[in-house]
Amino acid sequence: LAQVALAEHGAPPDSRNFVFLAVMPGSLGEFNAAGPFETRNFVDGEFVKSSSGKTFETVNPATEEVIASVEDSNATDVDAAVAAARRAFTDGSEWKSMNASGRRDLMLKLANAIESNKEYLSKLEALD
């Protein structure tokens, strides 16, 4: 859930997984344990349901309350995510064509996004 929390706030819809998180502007805002939370898989720059269409409940271990129903991903979903990640590193891709300074800048943006949202992310991760 924490990975998706970063992704659901503000990046352009055509960006890819890594870049999506790295360019996220602003703050995630105030944490609300009741949600709502984006629970679909994030693959190739978009949120998608699992190929099986199945979900499962994730439960707060302290209270045994259901946090959310999340996608029940399987090998087909993993294969799709791996293929998308590999495309990001093929010749001619934005990442592969980017110079080292550009990659560094994106990594720093990602680090800054995590740092500026550490309280929200830690609460979300602790909930699960």
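Asp105 and Arg104 form a salt bridge (a side-chain nitrogen of Lys or Arg within 4 Å of a carboxyl oxygen of Asp or Glu), with their closest N and O atoms 2.8 Å apart. The model is predicted: local features need pLDDT of at least 70, side-chain atom pairs count only at pLDDT 80 or more, and totals for chains, interfaces and linings use all residues. Residues are numbered from 1 along each chain as its sequence is written, and side-chain values use heavy atoms, leaving out hydrogens and water.

**Salt bridges**
- The structure holds 6 salt bridges.
- Asp105 is partly exposed at 35% relative accessibility, as is Arg104 at 46%; partly exposed lies between buried (under 20% relative accessible area) and exposed (over 50%), for a 1.4 Å probe and protein chains only.
- Lys96 pairs with Asp91, the closest N and O atoms being 3.9 Å apart; Lys96 is partly exposed at 42%, whereas Asp91 is exposed at 70%.
- In the salt bridge of Lys118 with Glu115, the closest N and O atoms are 2.9 Å apart.

**Helix H5**
- Gly102, Leu106, Leu110 and Ala113 of H5 are buried.
- These buried residues fall within an arc of 85° seen down the axis of H5 (taken from the directions from the axis to the C-beta atoms), so they line one face of the helix.
- The face turned away from the buried side carries the exposed residues Ala100, Asn112 and Ser116.

How values were computed. Helix = DSSP H or I, 4+ residues; strand = E, 2+ residues; numbered from the N terminus.
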